Amino acid sequence: MVEKENLWHILPGLLTSDLWRGIQAAAETARELSVPAWLVGGVVRDAFLGLMPRDVDIAIDCRPEIFARRLTQLLRGRIVAYPQFLTCKMIFRGGELNLAALRRETYANPGALPVAFPGTFKQDARRRDFTVNALYMSLGPENLGEVLDPCGGLDDLEKGRLRSLYPESFIDDATRILRGVRLAGTYALQWEEKTWQEAVSAVDKGIFNTLSGGRIWQELCRMMAYKNFASMAALLDKLGFSYQTPACLSHVETAMALVPDLDRVLLNFLLFTGDLTEEAAAELAELWQLPGSYRKVLSASRPSLPQDILSLGEWHDCFHGRSREEIIAAALMNGEVCLAPAIAYLARRSLKPALTGQDLAAMGLPPGPLYQEILYLVAREKITGKLTGKNSQRAFVRSLLASNIEKGETNV
């Protein structure tokens, strides 16, 4: 871990130049307004680990819109305010800053969104989900870069420990359990025993039933974007959140390395839900309030491949028109041995017939649905490498038609 005294000086090397410019502008705003302000949460935690922070959160001891109005003059950005939560987002060229007043929170009932009130520094720290997210770095001119650790988060971070801040934390907000799973998987943290038992107890009491499906889906989406989602899914299984985790999730990164630009979230989703029955999949789509694109792939039939490796033509028959992620997911679910032929099929499935409808008309075939059937079969043969140029494809069509005429069939 980085030494506390050096943290401010290494930040520029971890952040994009635009985000660093935003932080400098926030420090300047704190100085001009004489308002205490701190970087807080993930940006401080990740900096300690020498990692590039994903988000920049700033806690301020005033109403956030007052701070944001001055900040927008420096950054020439725009403000999106959430007054009910005492927060606002500062959007500027190249980045975003999340501003929040020091606050305390209450929950009307388990799973409800918090009701926010202005609070003290101590109250702001104690309301957070885990100690490793209750780390602050001053932006004030007198103590710029000073790290404040009111809850022992640095010791937990150094020892690789995930610890909640109060016993009812997961009852107040069950999404903290999902965030804890993500943190543990991302940073190789071990749940403190007491914290783990609190999470298990909350799950046993049905705490996830207090959340909207949309909030659960949002957290799962964030998890599925990570390389080590397989370990997170195993933790979810251990917690009792989900059914038995498919073993094929552990092969996702192999596939990602071999097939460029796969959608990691979609591939993880297909594997995570791959063992569901059609009825269970439909229920899950409603429960998690899935977006339309995910509902579509979840409801689509999933071809079950035979144990022997299919030919390229058979892959085409099974997966013509399917996304690359659906094809790779089917391969992984049927065994890693299917991955190589799936990749071989993906490399060739974009090959198109040299023949066109005009060529078929020139061969004396009347226009109609038969064209589509013939061109599909020509494409299938070309994918297998059997047909190359137009002459061989014409010969294939003639033999196909002759064979069907002999059989007395009117289609192919």
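Biologist: Is Arg179 buried or exposed?

Modeller: Buried. Arg179 has a relative accessible area of 19%, and buried means under 20%. Keep in mind that this is a predicted model.

Biologist: Which residue forms a salt bridge with Arg179, with the closest N and O atoms 3.1 Å apart?

Modeller: Asp129. Arg179 lies in helix H8, while Asp129 sits in the loop between helix H5 (121–126) and strand S8 (136–138), so the pair ties together parts that are 50 residues apart in sequence.

Biologist: And Asp129, buried or exposed?

Modeller: Asp129 counts as buried, at 9% relative accessibility.

Biologist: What meets Arg179 in a salt bridge at 3.9 Å, N to O?

Modeller: The side chain of Glu219. That pair links distant parts of the chain, with Arg179 in helix H8 and Glu219 in helix H10, 40 residues apart. Glu219 counts as buried at 4% relative accessibility.

Biologist: Which residues do salt bridges with shared partners join into one network?

Modeller: Asp129, Asp173, Arg179, Arg182, Arg215, Glu219 and Arg222.

Biologist: Why can such side chains pair at all?

Modeller: Side chains of opposite charge can pair when their charged atoms come close.

Biologist: How many salt bridges does the structure hold?

Modeller: It holds 30 salt bridges.

Biologist: What about Arg31, which residue does it form a salt bridge with?

Modeller: Glu28. The closest N and O atoms of Arg31 and Glu28 are 2.5 Å apart. Both residues lie in helix H2 (residues 17–33). They are three residues apart, about one turn of the helix.

Biologist: How accessible are Arg31 and Glu28?

Modeller: Both count as partly exposed. Arg31 has a relative accessible area of 44%, and Glu28 is at 28% relative accessibility.

Biologist: Switching to pockets. How much space lies in the largest pocket?

Modeller: About 1,600 Å³. The lining has 44 residues.

Biologist: Which of those lie nearest its centre?

Modeller: Asp57, Arg103, Arg179, Glu219 and Arg222.

Biologist: How does the lining of the largest pocket divide by class?

Modeller: It has 18 nonpolar, eight polar and 18 charged residues.

Biologist: What volume does the second largest pocket have?

Modeller: About 400 Å³. Its lining has 19 residues, and the closest to its centre are Phe241, Ser242, Leu284, Leu287 and Trp288.

Biologist: Which residues line it?

Modeller: Among them are Leu270, Val297, Phe319, Arg322, Glu326 and Met333. Others on the list include Ala300, Ser301, Arg302 and Pro303. Helix H17 (residues 324–333) gives the largest share of the lining, four residues. By class, the lining of the cavity has eight nonpolar, one polar and three charged residues.

Biologist: Last topic, the surface. Which residues make the nonpolar patch of about 240 Å²?

Modeller: Met1, Leu49 and Leu51.

Biologist: Where does Met1 lie?

Modeller: In the segment before helix H1 (7–14). Met1 is partly exposed, with a relative accessible area of 47%.

Key:
Residues numbered from 1 in each chain as written. Predicted model: local features only at pLDDT ≥ 70, side-chain atom pairs only at ≥ 80, totals over all residues. Heavy atoms only, no water. 1 Å grid on protein atoms, 1.4 Å probe; cavity = no way out; pocket = protein on both sides within 12 Å on 5 of 7 lines; lining within 4 Å. Helix = DSSP H or I, 4+ residues; strand = E, 2+ residues; numbered from the N terminus. Nonpolar A, V, L, I, M, F, W, Y, C, P; charged D, E, K, R; others polar. Points joined across faces, edges and corners; volume = space filled by probe spheres on them. Patch = residues over 30% accessible without salt bridge, like charges linked within 9 Å, V, L, I, M, F, W, Y side chains within 5 Å. Areas by Shrake-Rupley, 256 points an atom, 1.4 Å probe, with all protein chains shown as cover. Salt bridge = Lys/Arg side-chain N within 4 Å of Asp/Glu carboxyl O. Buried < 20%, exposed > 50% of the residue type's maximum accessible area, 1.4 Å probe, protein only.
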